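Please find below a colleague's note on the model under review. It is set out as numbered points for discussion.

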Amino acid sequence: MIIELSRVPDGGEQVEGEESADILKLGDVSGLTILSPICYRFRVELVSGELVVRGTLALRAAFDCNRCARRFEKEIRVPDFICVRECRELAEAIDLTEDMREDMILAFPNYPVCSSGCRGLCPLCGVDLNEKTCSCRPPADNSAWDALDQIKRRME
Ligand SMILES: [Zn+2]
Ligand SMILES: [Zn+2]
């Protein structure tokens with residue numbers, strides 16, 4: 001996205017639109033499908049020789065859950081996008097593409113799960129523990145972690 005400084009009115013302006021998700025240059029990431037363009041809503045202002053752009057970015061994507069492998073959709077949001085650039089002359093055009101790309105990518109979950117309470121698949125028999133229970137016993141060395149997990153689940 002390019003902002004031409006000469007077109008920014010005094011007092012700034014609100015801009016909204018969509019940018020193709022191609023700018024993310026994600027290529028093929030397994031377990032991830034981008035479902036929408038990047039929607040942006042910015043407040044654009046020139047403040048004492050600097051271009052100040054603040055706003056939000058959002059995009060919809062589908063992920064494979066890291067625990068149960070089910071596909072789920074999620075909106076990825078950047079609630080506090082901000083970009084400040086010094087501008088020397090009004091003829092300049094400032095390209096925000098790289099800033100948008102970085103912030104959007106950082107907002108993606110590292111470990112996508114369909115819900116924080118997802119029980120995942122049994123590591124022994126492969127049953128989806130969200131739907132069924134099985135009679136497998138988890139390996140003994142996992143028990144400390146399970147206990148912690150159960151405390152967390154009770155807190156949710
Ligand atoms: Zn899941
Ligand atoms: Zn099992």
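1. Basis. The model is predicted, with local features requiring pLDDT of at least 70 and side-chain atom pairs counted only at pLDDT 80 or more, whereas totals for chains, interfaces and linings use all residues. Residues are numbered from 1 along each chain as its sequence is written, and chains are lettered from A and ligands numbered from 1 in the order in which they are written.

2. Confidence. Mean pLDDT (the predictor's confidence in each residue, from 0 to 100) is 91 for the protein, and 93% of its residues reach 70 or more. Where pLDDT is low, the predicted coordinates should not be read in detail.

3. Secondary structure. The protein contains seven strands and two helices, in the sequence order β-β-β-β-β-β-β-α-α. Both kinds of element are DSSP runs numbered from the N terminus: helices are H or I with at least four residues, and strands are E with at least two.

4. Domains. The protein is divided into domain 1 (2-116) and domain 2 (119-156), with bounds that come from an automatic or database domain assignment. The two centres, taken over C-alpha atoms, are separated by 37 Å. Four residues of domain 1 and five residues of domain 2 form the contact; two residues are in contact if their C-beta atoms, placed from the backbone, lie within 7 Å.

5. Overall dimensions. The C-alpha trace spans about 70 × 30 × 20 Å along its principal axes. The radius of gyration, taken over C-alpha atoms, is 22 Å, whereas a compact globule of 156 residues would have a value near 15 Å by the rule of 2.2 Å times the number of residues to the power 0.38.

6. Of the 156 residues, 12% are buried, that is, 20 or more other C-beta atoms lie within 10 Å of their own; 12 or fewer makes a residue exposed, and values in between partly exposed, with C-beta atoms placed from the backbone. Among contacts with a separation of 6 or more, 60% join residues 24 or more positions apart.

7. Leu35. Leu35 lies in the loop between strand S3 (32-34) and strand S4 (38-47). Why does Leu35 count as exposed? Leu35 counts as exposed because it has 12 C-beta neighbours inside 10 Å. Leaving aside neighbours within four places in sequence, Leu35 is in contact with Arg60, Ala61, Ala62 and Glu73. The C-alpha atoms of Leu35 and Glu75, 40 residues apart along the chain, are 9.5 Å apart.
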